[in-house]
Each structure stands twice: as C-alpha cells, then as structure tokens.
Amino acid sequence: MQRTTHRSPLLARPVIVAMAAAVALTATSCAKSEDDASAGGKSPSAAADAGQKVASPKPGGKTCTIDAYGGEKLDLEGATVGFSQSEKEANPFRIAETQSIKDEAAKRGVKLLTANAQSQFSKQISDVQDLLAKGADLLVIAPLNSDGWDPVLQAAAAKKVPIVTIDRKINATACEDYVSFIASDFVEQGRRAADLMIEATGGKGEVAILLGAAGNNVTTERTKGFKDRVAEKAPGLKVVFEQTGDFAREKGQQVTEQLIQSKPGIKGIYAENDEMGLGAVAALKGAGKKAGDVEIVTVDGTRNAVQGIVDGWITGVVESNPRFGPLAFETLDAFTQGKEVAQDIIIEDGAYDASNAERDLGRAYH
Amino acid sequence: MAPPAEVLAVRGLSKTFPGVRALDDVDLTLHPGEVHALIGENGAGKSTLIKLLTGVHRPDAGDIVFQGRAVSFATPLEAQKAGISTIYQEVNLIPLLSVARNLFLGREPRTRFGLLDFARMHEEAGETLRAHGVRVDVRLPLRALGVGAQQMVALARAVATEARVVIMDEPTSSLEPREVETLFSVIRRLRDDGIAVVYVSHRLDELYAVCDTVTVLRDGRRVHHGRLADLDRLSLVSTMLGRELGEVRKEGLTKFTGDHHASGTRPVLEARDLTVPHRLRGVSVTVRPGEVVGLGGLLGSGRTETAKAISGALATSSGRVVVAGVPLRGGSTPAAIRAGVSLLPEDRKSEGIVPGLSVRENIALAVLPRLSRFGLVSEARVDRVVDTFIERLRIKASSPHQKVGELSGGNQQKVLLARWLAMNPKVLLLDEPTRGIDVGAKAEVQKLVDELAEDGLAVLLISSDLEELIEGSDRVVVLKDGAVVGELAGDEVTEDTLMRTIAGHAPAGRTAVRPAGHTAVAPAGHTAGATAAEEAGDG
Amino acid sequence: MAEAALRTAPPDRTRVLQWLQTYGVYAGVALLLVVNIAVTPYFLSAENFRTQAVQVAPVIIVAIGMALVIGTEGIDLSVGAVMALAASVTALYLGYGLLPALLVVAVFAAAIGLANGALVALVGVQPIVATLALMVGGRGLALVLLPQLEDLRNPGLASLGSGAVLGVPYLILVAGVLALLAAFVVRRTTFGRQLLAIGDSRPAAQLAGLPVRRVLIIVYVLCALLAAVAGVLATARLQASDPTSLGNLMELSAITAVVVGGTPLTGGRVNIAGTVAGAVLIQLLTATLIKHDLPPSWTQIAQAIVIVCAVYAARGRGKR
C-alpha cells in the first residue's frame with residue numbers, strides 16, 4: 001500500500017545541519033567559563049620543567065651507537081625533528097607531553113614537525129610517512145600501538161632516520177629498527193605508591209585499591225607493584241577491596257561511596273590515577289569525612305591532585321612523568337654526535353607529598 | 001486443434017488455515033503456450049493456490065503433476081529450479097545489488113577459476129533486458145531503476161530461468177501503459193515459445209487482451225473454467241461476484257431500509273478529479289447530507305484509495321476535496337478530521353484499532369483534545385462519552401478497560417464507529433464496514449448506517465458485498481482501474497446494472513447515468529481508460 | 001467468540017510470566033534488600049540508602065525519558081552524549097551564573113532532541129540509526145567545546161549536587177518529582193494517551209488524526225532535556241565537568257532499567273514506576289557486588305542475567 005504520510009526530507013536535512021552549525025558557533029563565540037575572569041596560570045606551560053633525570057641506564061644495560069645503527073652524524077641544532085603524537089591532546093598527560101617536546105625543540109633551536117593521530121593507528125602510520133616525506137632527519141614517536149610498524153620502520157631505515165619512541169614500546173629490534181625507548185616504569189610507580197601508603201598508615205590496617213580500566217597494562221603493572229611491595233614490606237597492611245573506577249572521576253566517586261559505607265574502618269585508598277583519587281576525595285567530602293581521615297595515594301601528578309595534597313585530602317602522589325622532551329632530545333643529541341646511548345631508558349618520576357607539594361605545585365602538569 | 005500434453009495438472013487441491021477453508025477441491029490444467037487468467041475477488045483463494053503451486057505452503061489434499069511427474073515443492077526456490085517461476089506484485093529482488101547480479105542471482109556465470117564472470121554477466125544481462133524493452137546500465141543497483149523497470153527485471157529473471165510455467169500476480173499494478181504493452185509482447189513471445197502463463201489481474205481489459213483461458217475462483221472453489229472468449233465480460237463479472245444475471249433483487253437480506261431522503265441539494269462532500277499516480281485517475285464523487293453513496297467496482301478498482309484520498313491519508317497529485325463549502329488541504333488527516341470527515345479504514349486490525357489500549361481509550365482517541373483542558377484529560381467527560389457510545393452501539397466488552405485487541409471483530413468495528421461518531425462528523429467514509437464480522441454484528445452495523453443517514457450524515461459506503469452496496473446506497477458510483485465508469489441512481493441501483501457497468505456494458509434498454517463511453521475492448525486498456533477517466537472527471 | 005474462549009483459559013506458565021512481568025522487578029528489589037540486610041555489614045543505615053538513592057538518581061532521570069521514547073516504539077541512544085554535552089556546556093557558561101548556564105544547557109539539549117525527533121518523525125529514519133548519529137556527534141561536540149575535565153567551584157552548583165532539604169538530597173528530590181510528573185503526563189494528559197496510541201499502532205494513530213509527528217518530536221526533546229538534567233546533576237555532584245567519561249554507557253543502563261521495569265520495547269506501554277524500580281534494582285545489584293568486593297566482571301554477568309529474565313518474562317506479552 002501507499003505511504004500515508006508525506007514528508008519533506010529535502011527540507012529537513014539542511015535545516016538540521018544548519019541548526020547544529022549555528023548552535024556550535026554561538027556556543028563558542030559567547031561562552032564564558034568560570035576561569036575566563038581570572039585567566040592566566042591556565043595554559044599548560046612547562047616552564048618549571050627544566051630538571052629531568054634518567055633513572056636508567058643501569059650499568060651493563062644494552063646500548064646503541066650510530067655506527068651500529070647505520071647512519072651519519074649530524075648536528076642536532078638546525079636539524080629537522082618529526083614528532084608523532086598518538087592521542088588528541090585532550091588529557092593532561094598528552095598536553096604536557098606534546099608541550100614538553102615543543103618547548104625542548106624551541107630551546108635547542110631544532111625545527112619541529114608535529115602530527116597527531118587522533119587515536120587512529122592508520123592515521124599515525126601515514127602521519128609518520130608524511131613526516132619523513134617532509135624531510136624529518138630524526139623521529140620521536142609516541143606510538144598508539146606496539147605492533148604494525150613495519151612499513152614505517154622500513155621507510156625510515158631506507159632514509160637512515162633514527163627513531164626514539166616514548167611512553168610505549170614498539171615490537172621491533174632496538175638499535176636496528178629504532179634507537180631507544182624512553183618510558184616510565186609502571187610497576188615501580190606502584191611500588192612507590194605502596195611506600196607512601198605504608199608510611200602514612202604505619203604499615204597496619206585495611207586499604208582499598210581503585211583499579212584502572214580492566215585489561216590495561218598500566219592497571220596491571222601499577223597493581224602488581226603496589227601489592228608486591230605491601231606484601232614484602234608491610235604484611236600488616238591488608239588490601240580488602242579492589243574495584244574498578246575506569247580511570248574516571250565519577251566512577252571513582254561512586255565506588256568510594258560504596259566502600260566507605262560497607263567498610264567504615266578503611267584506612268587508606270590507593271587510586272591508580274589522579275582522577276579516581278579526586279573522585280574518592282569528593283566521596284569522602286560528601287560523606288562528611290574530614291581531610292586526613294582516610295589516606296589517599298594516587299599516581300600521575302596532575303595539578304589538581306597536588307593541590308589535593310596542599311589541601312590535606314591527599315597524602316601523596318607518585319608522578320608519571322610526561323615530560324619526555326629534554327630526555328628525548330638529549331638522547332638524540334648524544335646519538336647523532338656518535339656517543340653511546342642506552343636502548344631502554346627509564347624516565348625518572350617525581351613524587352609529591354606534604355613536604356614538597358606547595359613548593360612544587362607549579363611543576364605539576366595541568 | 002489438439003492440445004499438446006499438459007505441462008501442469010492440479011487435481012483436488014485443498015488447504016485449510018485455522019478457521020478458514022482457503023481452497024476447496026480445486027482443479028487447474030495448463031498446456032504449453034497457454035495464457036491462463038486466474039481471477040476472483042478478495043478471499044477467493046487465488047493467493048493460496050499460487051502459494052501451493054510454488055512451494056510456499058503445502059496442500060492438505062490433492063496432487064500437483066508437473067511435466068508428467070507428481071511434485072511437492074518444499075520451497076519457492078525448489079519450484080523455480082524445477083521450472084515454475086513467479087513474479088509478484090511487489091518486486092522481490094535485492095535493491096542494493098546491480099541489475100545484472102539480480103538477473104543472475106543464484107545462477108551466476110563463473111570463470112574457469114570459479115569466480116564470478118562479470119564481463120559475461122553484464123553482456124548477457126544487457127541482451128536479455130533489451131529483448132524485454134528495458135534499456136538500462138546493468139551495473140546500476142536495482143533500486144536506481146523505476147518500479148516498472150524493476151518489474152521488467154523481475155520478469156526477465158523469471159523467464160530467463162528456463163521456466164516452463166510463469167505465474168504473474170498482478171504484474172501491471174505499478175506499470176505505466178507503455179510498460180504494460182511491453183509486458184504483453186513478452187507474454188505473447190512466451191506463448192510462442194510454448195511456455196504456460198498464469199495471469200492474475202483484476203483489470204478486465206488486460207485479461208481479454210492477453211489471456212486464452214480462464215479459471216474463476218470464489219470462496220475457495222473453482223466456479224468456472226474454460227476459454228475466455230466464450231465468456232463475455234458481464235458473465236465474467238457475475239461469475240466472479242456470484243450473482244446470476246437478471247436475478248430478482250432480494251429485499252430484506254440486509255438491515256438497510258433502502259430509502260433515504262437527501263435533505264438539501266447542496267452536497268456536503270465534493271471530491272473533484274482526485275488523482276494519485278498508479279492508483280486514481282481523476283475520480284469525482286459528491287455526497288449530500290443524509291445520502292448514502294456506494295462506491296462500486298472490483299478489487300483494485302480504486303475504491304479504498306478514493307476514500308483515503310478524501311480523508312487526507314493518501315496524498316493526491318491533483319484534484320481537490322471540498323467539505324461543506326470549505327476546501328481541504330490535501331494529504332493531511334487531521335485537517336480532514338477537523339473539517340468533519342471520518343474514515344473507517346478497510347484494514348481494521350492494523351489501521352483501525354489500537355490493540356493494546358482499552359475500549360475506553362480507543363473510543364476517546366480522536367476526540368480526546370475536545371475532552372481536555374490545557375492538555376489534561378477530563379476523565380469524567382471521557383467516561384460520559386464512552387458510556388454513551390458503548391450503550392448506543394451495544395458494544396460487548398467485559399468492561400470499558402478491556403483491551404480492544406481481545407474483542408471480536410464486530411465489536412472492534414463498533415468501537416471504531418464510536419470513535420468517529422464521538423467526533424460528530426459531517427461525512428462518514430466506510431470502507432468495508434462489515435467485512436469479517438459475524439452476522440449479528442453485521443446487521444447491527446448496517447442498521448446503524450441507515451440511522452446515521454436518517455440523521456443527516458453523508459455516508460460514502462465501500463463494500464464488496466453486493467447486497468450491502470445495492471440495498472444500502474441511494475446512489476452508486478462505479479470505479480474501474482482507478483477511474484469512474486458510471487453512476488447509478490434511483491431504479492438503476494440494481495445488481496444487474498452494477499455488474500454491467502463494472503463489465504463495461506451499457507445496461508440493456510436503459511441509459512446509465514454517465515456511462516462515460518467506456519466499452520472499447522482495447523488491448524491498451526490504460527489509454528482507453530485514461531480517456532474515460534478524463535471524461536468522467538469532467539462531470 | 002472463539003478468540004475470547006482461547007483467552008479465558010491461560011495455562012499456569014503464562015500466568016506466572018504475567019505476574020513476573022508486572023511485579024518481578026519489585027520482587028527483585030525486595031529480595032536484594034532482604035539479602036543485603038542479612039549479609040552486608042552496615043547496610044541498614046540511612047546513610048547507605050541515601051548513597052544508593054543519590055547514585056541512582058541520574059539513571060532514573062535518564063530512564064524516564066527513555067521509557068517515554070520506548071513507549072513510542074523508539075529508542076534514544078544519544079542520552080549519554082547529551083549528558084556529556086550538558087556537562088561541557090555548563091562549564092562553558094558558568095561564568096554568567098548558574099541559571100543562565102542551565103538555560104543554555106536546556107537550549108542545547110532541546111536542539112539535540114529536536115534533531116533526533118526531526119530525523120525520526122519527518123525524515124523517517126529509524127530511531128536507532130537517527131539517535132546513533134547524535135550519540136556520536138553529541139559527544140564529539142561536547143569534547144570540541146570542552147576538551148578536558150574542568151573543575152567547577154560555583155557554590156550554587158555545589159549545593160545542587162550535595163545540598164538537601166530536610167535531609168533529602170536535591171538529586172533524589174528532582175528524580176522523584178520528575179518521575180511523578182512523567183507518570184502524571186502518561187496517565188492524565190492528551191499527550192500521554194496519544195504517545196501510547198502512536199507506540200501501539202502508528203498507522204491507526206495516523207488515520208485517527210493524531211498529531212503523530214508533533215508527539216514524536218516532543219518525546220525526543222523531552223528525553224534529551226531529561227538527559228541534560230541528569231548530566232547537570234551528575235556534574236554538580238562531581239563538582240567537575242568531565243565530558244570524556246560522563247554518561248558513558250548511560251544509554252544501556254537506561255534501556256536496561258526500562259526493560260527490566262516491564263515497559264515493552266514494542267511500544268504502546270510506559271511503566272514509570274517499574275522503570276524507577278528497574279534502575280533501583282540494577283543499582284542495588286551493583287552495590288551488593290561492590291560492597292562484597294566481587295570482581296567487576298560479575299556485575300556485568302549479573303546484569304545480563306537480570307536482563308535475560310526480564311526479556312523472558314516480557315515474551316508472554318510480545319506474542320499477543
């Protein structure tokens with residue numbers, strides 16, 4: 001039978017599109033957030049970044065030289081470096097990471113080409129190929145995946161372009177397909193968080209863990225480090241509660257609310273990232289607890305969390321250092337001058353507690 | 001001439017569905033090169049017969065002998081592989097695949113490596129379609145084609161599968177006149193090639209243009225078979241409808257009193273030149289207050305479409321509707337309802353009742369805004385209206401809160417009538433108001449229609465029940481192929497004249513009102529019909 | 001008639017299913033309460049019930065809107081995205097004060113609802129497809145407007161999130177009032193009745209002259225507005241706007257609450273009380289498993305079991 005309606009599809013679509021566009025335009029043109037009045041201090045400048053130490057190489061670690069890798073020496077100053085970022089700079093870590101690379105390049109007078117893969121691996125591959133085509137002499141890559149890099153590595157090898165990967169390793173042969181890998185040690189971060197927790201609680205009582213997203217290596221490694229260290233150093237400290245907060249503040253808040261209802265005697269909460277820790281703080285506040293009633297230790301080192309230490313709600317924050325710039329360029333500089341560099345470099349993570357939080361607040365990334 | 005051995009012989013075929021004897025002891029014989037018309041009104045059993053032949057359903061009793069062997073197809077695909085192809089009213093191909101892929105679906109040519117041979121497929125598809133008068137790029141997706149062209153692709157596919165029997169179920173319902181001509185030439189070629197065709201259509205012109213033999217079904221039984229040329233149109237129509245010619249008009253079979261007095265001369269409903277592509281060609285109808293006007297015609301003649309076009313449920317491409325002097329905005333049901341037009345739809349179950357809601361909610365559905373203030377429903381006023389109509393129409397439900405879906409058909413129909421009467425309409429369009437309801441309810445509905453007309457309501461009545469139509473109507477407008485072919489008034493409102501008008505014969509010794517000069521038995525039925533429609537439309 | 005006779009003798013199984021359909025969700029809630037009171041320490045406290053109610057309030061609000069949409073035989077996948085959009089728009093306009101910010105949020109939500117409604121009612125796109133487009137687009141827009149989490153310090157917003165009247169948090173009050181309002185609209189207004197008729201049989205509603213397109217558009221706008229309310233409340237409670245994760249998978253929680261609450265996906269019926277109970281059931285289930293520190297995957301399995309039971313119970317009616 002016939003359709004009994006008569007519609008105007010030709011009209012409706014453009015109207016919706018136009019409406020959406022108009023709304024988006026209006027929204028951004030006359031927006032006024034709380035911070036607009038007191039702008040400043042908001043830009044994620046990494047001015048206080050200067051210091052960065054290498055925790056590794058340990059003596060005896062594998063190294064790499066330009067002769068072994070194949071390629072020619074060059075002067076980093078005046079060279080062109082390509083940087084491929086994996087995810088949109090929408091979270092504090094990525095923002096600080098990219099910023100640190102840019103700042104260091106500017107400082108050293110290096111010409112920097114950047115690309116962002118927006119979480120699409122195929123885009124990252126073509127990004128890197130573009131960077132090579134545009135004449136990058138050296139590459140810094142923050143990989144989205146560990147696998148699937150063969151086409152890029154072949155192209156780079158053909159041009160003898162040295163590659164340094166940061167924050168995630170790629171599955172390839174060091175000093176052959178790439179030069180070095182610079183990253184944080186997530187297990188170590190968990191251990192240090194445990195140290196902070198043991199110190200704060202005196203090594204006795206019941207503690208809870210707010211786990212990160214399930215099936216994520218960061219979650220498993222930060223959990224392992226924490227539990228191993230607690231078992232080893234403070235058998236009196238018991239982990240009685242482990243629930244996921246999905247690395248999100250709201251989820252951290254909800255889970256903590258359930259936790260303090262059912263286990264009012266909990267002494268400490270280890271949150272595997274700052275956001276969940278801040279969620280836990282919100283839950284404690286909502287339940288009428290006072291600052292310091294429950295010891296909270298988190299990992300990441302964002303400014304909000306460090307501010308939490310200053311305010312007394314958070315006991316300690318283990319930093320996961322996003323500022324790869326200085327170390328990456330240092331490595332490339334040494335390498336291109338013909339010096340020996342380590343294949344695996346562990347970046348040193350800072351830590352914040354009541355003793356340094358106020359002083360180092362400006363250092364925390366935003 | 002001695003007919004060659006039969007290609008298909010069906011004997012004693014019966015099929016019962018829950019509550020319905022759909023097919024009862026039906027025989028059918030087809031010879032190679034025979035074009036056989038299969039006709040019957042709604043519910044006569046045509047679809048069931050086709051479905052049994054093509055393996056959609058299994059018969060309860062009877063044999064199907066195809067090319068000398070008793071067969072029992074499990075699926076339509078099996079039937080098609082054996083050599084019985086079917087093309088349906090609605091194209092049943094795959095819209096997103098290319099024309100060529102559709103044409104070769106399931107029997108694609110392969111290369112030596114077992115891959116699809118697209119080159120060959122495209123070439124052969126182009127040739128096949130050109131032979132059917134369709135010139136298109138065979139690599140286009142099927143949906144890019146017009147409906148007519150799609151139908152031709154379906155036909156070409158059916159024929160190309162080396163069919164011995166091709167069944168066509170209303171193949172012309174969405175075709176343009178030119179395409180109908182092409183279809184006929186293809187059918188003639190099939191006949192020359194010795195392929196048997198079963199042709200189902202309600203368009204008499206088409207049947208006479210292309211068919212050799214005929215089987216008429218009525219209420220699941222075969223009531224006639226033989227050469228089509230031996231049966232004139234009038235006899236055909238009367239056989240189909242089950243009425244003897246010249247049969248005395250029986251009084252009192254229905255609850256209609258028969259006489260109404262059209263009060264006032266000014267029509268309350270004036271529909272002029274309603275045109276809907278493929279459905280209506282310039283239909284004009286007027287109804288005066290207190291008058292019951294019947295819409296006569298065979299299935300598919302455009303009766304339902306006329307009612308829907310008037311009520312705004314079907315968008316018209318031209319024409320206008322004036323109710324009590326006020327022109328209606330076309331294509332808007334709410335506008336028509338506001339103007340006082342109410343439609344009782346033919347498909348009660350899917351377009352009429354809201355099955356999950358209660359009797360009360362169903363009755364109040366349309367009138368609800370009038371029983372509300374500021375969007376809030378006044379339950380007391382709803383109760384008053386609902387109680388009034390439950391009593392007046394004697395609706396039998398356990399309570400007003402019983403779900404309408406649980407009521408009998410007759411009571412559902414009464415609920416729908418109540419829904420419209422609560423709106424206090426000026427014009428009531430009744431499309432098959434008594435179909436599928438029991439005898440008692442039927443009588444009640446008929447009596448009610450009479451009363452409503454007495455009270456000054458204008459009623460347009462559509463019914464396949466001839467008695468109902470003849471006895472209930474003051475005037476009957478006869479439709480055929482989407483156009484008005486005649487109008488009967490006063491003494492002319494008899495089954496005899498009605499059937500003659502439907503068949504296209506001017507009633508003997510009588511001048512029908514506006515016979516519209518439609519008597520030509522032209523193969524190009526559509527062209528002739530179109531002219532007739534234009535003339536009738538002017539009236 | 002034969003039809004009527006068939007219906008008067010339902011087998012026992014059908015009766016059990018019908019009972020489950022109507023009261024199963026309440027029985028489930030009661031069962032969980034009893035079990036928890038027996039085995040969960042500190043469960044029987046005002047503070048605990050307050051926590052559960054506050055956590056479930058945004059889900060209830062979204063689920064109410066979802067129930068209305070499902071009543072029209074539709075579905076709205078964009079509710080989570082609308083929550084995120086509400087969060088980012090709140091942060092973006094809070095500089096003008098709380099009330100103006102909320103008004104802008106309402107405008108944005110209404111625009112999304114209007115787009116959903118227009119696609120479904122005017123263009124004739126299937127609801128699941130139309131709202132999927134806005135689910136992706138809405139969250140995208142939210143992230144464009146506010147790329148990362150932002151802390152909010154507006155005192156009005158803070159008190160909305162954590163304040164209370166006579167010991168009852170605003171969140172619970174708002175959810176309660178909205179639920180009562182929705183139940184009233186469905187039962188007592190022309191709009192509510194028309195909504196049900198359209199959901200039950202759209203062709204019949206159309207031929208009965210109901211304003212089908214208008215009702216559909218309003219329903220989608222209402223659903224988006226309710227999702228925006230939930231987004232603002234969740235943001236207020238968190239005291240931070242987090243468009244990246246706020247409202248993630250909310251559409252599924254809401255649909256689950258609606259279905260578990262006895263509203264059929266086939267439309268024509270809206271059970272607001274059941275929807276509220278459905279949301280509470282899922283909340284209690286999650287809380288039970290978290291409080292006993294069972295692995296998170298158990299929560300998902302338990303939810304799946306509840307849904308399967310609900311769908312099984314709903315089957316009885318679907319066949320009519």
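This is a predicted model: local features need pLDDT of at least 70, side-chain atom pairs count only at pLDDT 80 or more; totals for chains, interfaces and linings use all residues.
Local features need pLDDT of at least 70, and side-chain atom pairs count only at pLDDT 80 or more, while totals for chains, interfaces and linings use all residues. Residues are numbered from 1 along each chain as its sequence is written, chains are lettered from A in the order in which they are written, and side-chain values use heavy atoms, without hydrogens and water.

**Exercise 1.** Find the salt-bridge partner of A:Glu104 and state whether A:Glu104 is buried or exposed.

Solution. 
1. A salt bridge is a side-chain nitrogen of Lys or Arg within 4 Å of a carboxyl oxygen of Asp or Glu.
2. The partner is A:Arg108, with the closest N and O atoms 2.9 Å apart.
3. Both residues lie in helix H3 (residues 92-108) of chain A, 4 residues apart; helices are DSSP runs (H or I, at least four residues), numbered from the N terminus.
4. Buried means under 20% relative accessible area, exposed over 50%, and partly exposed in between (1.4 Å probe, protein chains only).
5. A:Glu104 is buried because its relative accessible area is 7%.
6. A:Arg108, at 24%, counts as partly exposed.

**Exercise 2.** Locate the two residues of the salt bridge between B:Asp205 and B:Arg233.

Solution. 
1. The closest N and O atoms of B:Asp205 and B:Arg233 are 2.6 Å apart.
2. B:Asp205 lies in helix H7 (residues 204-210) of chain B and B:Arg233 in helix H8 (residues 233-241) of chain B, so the pair ties together parts 28 residues apart in sequence.
3. B:Asp205 is buried at 2%, and B:Arg233 is buried at 7%.

Technical notes. Helices (H or I, at least four residues) and strands (E, at least two) are DSSP runs, numbered from the N terminus.
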